[in-house]
Each structure stands twice: as C-alpha cells, then as structure tokens.
Amino acid sequence: YLEARERERKMREELESRLQTVEFDEWVAGLTIEEIRRLVPPSDFAKPGSPGHNVQLKQYFRENVWPERLEKASSNHP
C-alpha cells in the first residue's frame, strides 16, 4: 500500500511539473517585452533573454502566477 501511494505521489508531482512547464511557456508567449521587463527588470546580471533572466522569470511565475493557474486547473477537473 505504501509503495503504491509513493508511486502515486511521484506521478502526481511529475504531472504537475510538466503542467507547470507548459503553463509557463504559454504565459511567457502572451507577454510583451515591456511586461517582461516590468515583471523582472533587466540588470547587469540578467538581461532579457539571458539564462539568468529566464530563471528569475520562472521564479516570478512559480511564486505569483502558478498557484492561481493550478487552483483554476484543479477546480475545472474534479
């Protein structure tokens, strides 16, 4: 029983991670350059399009956008 529950948990976490990636890609595709710069201002370390900037943008998404999108997805699928 325990092993089945652990497999179920792991599968759920993997599916959520994949969904988060898809949702992030769709979210970013809908943003303008100005919106991206407003959400994550460019710096010497992180210029728009750079790996550092993308990491910060993903962090913003995880903290501010993803919880709402996950809740919406969960409420649409009982």
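Phe24 and Trp27 both sit in helix H1 (residues 2-29), 3 residues apart, or about one turn of the helix. Helices here are DSSP runs of H or I with at least four residues, strands are runs of E with at least two, and numbering starts from the N terminus. Both Phe24 and Trp27 are buried, where buried means under 20% relative accessible area, exposed means over 50%, and partly exposed is in between (1.4 Å probe, protein chains only).

Keep in mind that this is a predicted model: local features need pLDDT of at least 70, side-chain atom pairs count only at pLDDT 80 or more, and totals for chains, interfaces and linings use all residues. Residues are numbered from 1 along each chain as its sequence is written, and side-chain values use heavy atoms, with hydrogens and water left out.

**Aromatic rings**

- Rings of Phe, Tyr and Trp (its six-membered ring) pair if their centres lie within 6.5 Å; planes under 30 degrees apart are called stacked, over 60 edge-to-face, and the rest tilted.
- That rule gives 5 aromatic pairs.
- Take Phe24 and Trp27: their ring centres are 6.1 Å apart and their planes are at 45°, so this pair is tilted.
- Trp27 also pairs with Tyr60, with centres 6.0 Å apart and planes at 15°, so that pair is stacked.
- Because Trp27 is in helix H1 and Tyr60 is in helix H3 (residues 51-76), their pair ties together parts that are 33 residues apart in sequence.
- Trp27 has 11% relative accessibility, so it counts as buried, while Tyr60, at 27%, counts as partly exposed.
- Phe24, Trp27, Tyr60, Phe61 and Trp66 are linked into a cluster by ring pairs.

**Overall layout**

- The chain has 3 helices and 0 strands, and reads α-α-α along the sequence.
- Its radius of gyration is 16 Å, well over the 12 Å that the globule rule gives for 78 residues, so the chain is more spread out than a compact globule.
- That radius is taken over C-alpha atoms, and the globule rule is 2.2 Å times the number of residues to the power 0.38.
- Along the principal axes, the C-alpha trace spans about 50 × 25 × 15 Å.
- Of the chain's 78 residues, 21% count as buried.
- Looking at contacts (heavy atoms within 4.5 Å) between residues at least 6 apart in sequence, 49% join residues at least 24 apart.

**His53 and Ala46**

- His53 is in helix H3 and is buried, with a relative accessible area of 1%.
- Setting aside neighbours within four places in sequence, His53 touches Ile36, Val40, Ala46, Lys47 and Pro48.
- Ala46 belongs to the loop between H2 and H3, and is buried with a relative accessible area of 0%.
- With the neighbours within four places in sequence left aside, Ala46 is in contact with Pro41, Gly52, His53 and Gln56.
- From Ala46 to Leu2 is 44 residues in sequence and 44 Å in space, C-alpha to C-alpha.

**Thr32**

- Thr32 is in the loop between H1 and helix H2 (33-39).
- With 36% relative accessibility, Thr32 counts as partly exposed.
- The C-alpha atoms of Thr32 and Leu2 are separated by 47 Å, with the two residues 30 apart along the chain.
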